[in-house]
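Good morning. Please look at the sequence and the structure on the screen, and I will go through the ligand and its surroundings.

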Amino acid sequence: MKTRELSPMKGDIPKDYLVSFPINQNKYLINGELCKWQGDFQNVYSPIYVRTENNSSNLIGSYPLMDKETALYALESAVNAYNNGQGEWPRMPIEQRIDCLKNFVSLMKEQKNLVVNLLMWEIGKTLKESEKEFDRTIEYINDTIEALKDLDRDASRITIKQGIIAQIKRAPLGVVLCMGPFNYPLNETFTTLIPALIMGNTVVFKPAKLGVLLLSPLLNAFKSAFPKGVVNIVYGRGRNVIEPIMTSGKINVLAFIGSCNVANTLKKQHPYPHLLKSVLGLEAKNPAIILSDAEIEHTIKECITGTLSFNGQRCTALKILFIHEKIYDIFLEKFTSAVDNLNLGLPWDKNVDLTPLPEKDKPMLLQEILEDAIKKGAIICNKNGGIVNETSFFPVVLSNVNETMRIYHEEQFGPIIPIVKFNDIQEPLKYVINSNFGQQASIFGNDAIQISKLIDALVNQVCRVNINSQCQRGPDIFPFTGRKDSAEGTLSVSDALRVFSIRTMVAVKETESNKKIIKRIFDSKSSNFLRTDYIF
Ligand code: G3H
């Protein structure tokens, strides 16, 4: 283990990554106005403690702890801006909505440095990964614009069938509540927020529980790029701000990325289940199935990034490894030493692999899961496994794992790597079938026939089978979804446009007088919906 200094002296922090803390974010955006919050605040703590001569602190700012009334005001603003589909935004021609989004992108780009620095300070993501999250988000927005143009071009034609002329397009659904996760507080929040907006919905969004301050540099961009009430942002505790919004029955789409428990609670709060559409990205327990002929060095490399990039805090992370007994010993020895050689350090350190954890209680929760497993016979294989240093937890390679242990079933969402030895392929298959989750799986091996049989068994259990590579969401044009408790609805650049809209059509009987009316509407371009021109 190469552990670097995790609590730097202020003077030792490279100036490019210094932010003038504290950031007391006392402004909030509702109904097109940046208002000043007068109530209580939530302190924001970094996973990184900064030392000065006399003390050490990780307090980096604060954000509003809103109350029910303010949350309902945000909702009312979104409801009014939508105005039953009659508002400026839902009726706006698509090209104009695209212009608003392009304006937002250019304003957002100006804030890159600060947003990237805040990603590092707030959630401990490495510099490289933080930059990637920002750039990936910009690319996602640009790709969304292109996908919408495609969608609109396809829908610009008319269909004539059984004497009926029809034009079929997609229309918005109403008011969307967007809530993203702390591990991708920018990217994953925006993968629902942006398609929801561009399809003409209005939005209330609540930042994730961590990674809140990094959205403050974007408040002005939201305010100036979109008409009033189209984007409204709420902060605070779920029971104070989200419960009143959901129980109002005025939310049409819940876009939530987070835990199953919270998703269940939120859905139950809505009084009209059939009115609510849910788009959910939830928990996962993706297995790697490592066959006897797997190429060991390559598999280790993929399993290291698969299990430990961003300290294992990815929904797509490999969360359990099944290793064939024939290569078990050699694999485990090499894998364990590769883990122990990883660099634990600060997000901006050169070649850093592991960083402090942003959730305050996480080391303790991981410790509990470990204790349960060890009591039932699991073994910590690496000498540095489980060493806790304030907010950091060195990864544990845990062998002898079996189905009696919590770690076998529960999503750890952190740096513990459970290992199971198998000789019968039915064991990992049974694991996948019995799991509550069904997002992805990885197969490592070389025998095409054996792999093909596994593919056929797994594709009916999960939604992406990766061959000789770790699990991942990207590229973002691919469908991202899951079965069972892992997801509801499918996200990808183009699927998201469909998820946040509904097909609506105009149909007329093919009579001469009707044809004249339709032609006149096309020629005069008097309808924003019924038109045949192309967006380039
Ligand atoms: O946390 C879940 C993310 O969607 C994973 O995305 O595979 O690109 O890290 P990623």
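A residue counts as near a molecule if one of its heavy atoms lies within 4 Å of it. Keep in mind that this is a predicted model.

Which residues are around the ligand? They are Arg-136, Asn-183, Tyr-184, Glu-188, Arg-314, Cys-315, Thr-316, Gln-472, Arg-473 and Phe-480. Sorted by class, this shell has 4 charged, 3 polar and 3 nonpolar residues.

Now some distances. The side chain of Glu-188 has a polar atom 2.3 Å from an oxygen atom of the ligand. For Tyr-184, an N or O atom of the side chain is 2.4 Å from a ligand oxygen atom. For Arg-136, the corresponding distance from a side-chain N or O atom to an oxygen atom of the ligand is 2.8 Å. As for cover, the ligand taken alone exposes 310 Å², and the protein buries 95% of that.

Where does the ligand sit? The space that the ligand takes is the second largest pocket.

Next, the domains. The domain assignment of the chain gives domain 1, which is 25-49 + 61-281, and domain 2, which is 286-479. From each of these two domains, the shell around the ligand draws at least three residues.

How far apart do the C-alpha centres of domain 1 and domain 2 lie? The distance between these centres is 32 Å. The two domains also touch: 21 residues of domain 1 are in contact with 20 residues of domain 2.

How values were computed: Residues numbered from 1 in each chain as written. Predicted model: local features only at pLDDT ≥ 70, side-chain atom pairs only at ≥ 80, totals over all residues. Heavy atoms only, no water. Polar contact = N/O pair within 3.5 Å; in protein donor to acceptor, adjacent residues only side chain to side chain. Areas by Shrake-Rupley, 256 points an atom, 1.4 Å probe, with all protein chains shown as cover. 1 Å grid on protein atoms, 1.4 Å probe; cavity = no way out; pocket = protein on both sides within 12 Å on 5 of 7 lines; lining within 4 Å. Sits in = over half its atoms within 2 Å of the grid points. Nonpolar A, V, L, I, M, F, W, Y, C, P; charged D, E, K, R; others polar. Domains from an automatic or database assignment. Contact = heavy atoms within 4.5 Å.
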